[in-house]
Amino acid sequence: MAGGDKLRLIVVTPERTLLDEPVAALRFPLYDGDIGILPGRIPLVGRLGTGELRITAAAGATSYFIDGGFAQVLGSTVTLLTNRAVPSKEISAADAEKQLAEVLARVAKTDEETTAKQVDQQRARKMLNLAQKSNS
Amino acid sequence: MAKARAIIKRLKAVRNVRKITRTMELVATARFKKAMDRATQAAAYTRKISEIVSDLSNTDQEKGGAFTHPLLQQHPAEKKSILLVITSNRGLCGGYNGGVLRLAQGRIRQAKADQLPLEIEVSGKRGIGFFKFQKIETTASYTHFEDKPSFEEVDVLARRFVQLFVSGEIDRLDVSYTKFETMSRQKSVIETLLPIGKLTTAESEKTGPKVEYEFLPSPREILEELVPASFKARLYKCFLDAAVSEQIARMVAMKSATDNADEMIRTIRAQYNRARQSQITSELSEIIGGAAALE
């Protein structure tokens, strides 16, 4: 759908409303993979995963890193509730690498620790990927 | 009649105090505005969460399955509980800390009377000092929540509480803080955050036309994530409310202190004028008396 920005994207973190702007299309990670939203989508409530939020608007494409939360699509409004949203440009690869190394060095003994480790590991990897992509 | 010199000294001291209280009032006003902005912005998140919850529970009820979550469940016997007391790091804010601590003390006394173990966690130097003075033991204390608590910091606490509650180590979590109601009304309250009594708030229950949503994954699984998120948002709101209320309390306290200082300056100045007058009169009469003696 070329031309108009027909969707309204609202990104809310517990601390503040980060974004509230018209967009043409967006893509973000759900719990099991990426989902793309175009105008006219049927209402949806979903659980967010960790990864990149890509926004396509008339002004150009922007990208954020989001970490868990919920998505609601209702009419032309897309609301993303997320714990953390950072513009991809602000993620430093060095920091992400350090985090990944830290997670990898952690020894998990119980089941919960193993799951937590896996989740953290995935998060760090995705952050690293995104950082490398946006900086290159 | 006091000496004019001494009165002037006092006048200067009061003026200095007034300068300080006036500045503090202005600082508190500026901080309050910022804290208020933060609280309103954060409200969007809470509102949205309860909106999704009500969307979900609508569909869930249709399927005939009442949703249960470990955080929603009341434990059969209430044994151990945690009381989180949120106070300020700084003083000079009127009855702000007093109100919260008085309520907390009531809760502690009640727990003692019922012989139930109660762990006390305090945030803020004022509260820590108070419990130390009262010789009441606290299990944890935090001083890093200033007037802008960040979600990440609160998240750490929230995660621990959730974990303790789910594993059954605690049966209840109370938070004693100052709730922000309106600009001119803040109330110290004790709220039970765990188990979560009701997920939906009154306003979110009357939703408009029902929407058929697509759920990814199932409503049940989304709720499973949503309940802890809702708890975290609530705990975060407690801290934000406390921060806003603290600034308001300080603003009000400093305003009345400044007014009081103004009043005092007025009386002291009147006193000084009278003292000066009588000094002049007595000097005059001495001179006249001396002149008369020479004749």
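Analyst: Start where the two chains meet. In this predicted model, three bridges join β5 of chain A to strand β6 of chain B, residues 214–216. The two strands run parallel. One bridge pair can be named: A:G46 has B:L216 as its partner in β6(B).

That pairing sits within a wider contact between the chains. Chain A gives 19 residues to the contact and chain B gives 24 residues. On the chain A side, β5 (44–57), β6 (60–74) and β7 (77–82) each supply at least two residues. β5(A) has the largest share of that side, with four residues. By class, the side of chain A that touches chain B holds 11 nonpolar, five polar and three charged residues.

Now turn to the partners of β5(A) inside its own chain. Strand β3 of chain A, residues 25–30, pairs with β5(A) over four bridges. The sense there is antiparallel. Within this pairing, A:L48 of β5(A) stands opposite A:L30.

β6(A) is another partner. It is joined to β5(A) by 13 bridges, and these two strands also run antiparallel. A:I66 in β6(A) stands opposite A:G51.

Chain A is divided into domain 1, residues 7–88, and domain 2, residues 91–135. The centres of the two domains, taken over C-alpha atoms, are 22 Å apart. Eight residues of domain 1 of chain A are in contact with seven residues of domain 2 of chain A. On the domain 1 side, the elements that give two or more residues are β5 and β6 of chain A. That side has two nonpolar, four polar and two charged residues.

Finally, the chain across the contact. Chain B has six helices and six strands. From the N terminus on, its elements run α-β-α-β-α-β-α-β-β-α-β-α. The C-alpha trace of chain B spans about 115 × 45 × 25 Å along its principal axes. Its radius of gyration is 29 Å, whereas a compact globule of 295 residues would have one near 19 Å. Buried residues make up 32% of the 295 residues in chain B. Among contacts in chain B with a separation of 6 or more, 81% are between residues 24 or more positions apart.

Note on methods: Residues are numbered from 1 along each chain as its sequence is written. Chains are lettered from A and ligands numbered from 1 in the order in which they are written. This is a predicted model: local features need pLDDT of at least 70, side-chain atom pairs count only at pLDDT 80 or more; totals for chains, interfaces and linings use all residues. Two residues are in contact if their C-beta atoms, placed from the backbone, lie within 7 Å. Ala, Val, Leu, Ile, Met, Phe, Trp, Tyr, Cys and Pro count as nonpolar, Asp, Glu, Lys and Arg as charged, and the others, Gly among them, as polar. Two strands pair if DSSP finds at least two bridges between them. The radius of gyration is taken over C-alpha atoms; the globule rule is 2.2 Å times the number of residues to the power 0.38. A residue is buried if 20 or more other C-beta atoms lie within 10 Å of its own, exposed if 12 or fewer, and partly exposed in between; C-beta atoms are placed from the backbone. Domain bounds come from an automatic or database domain assignment.
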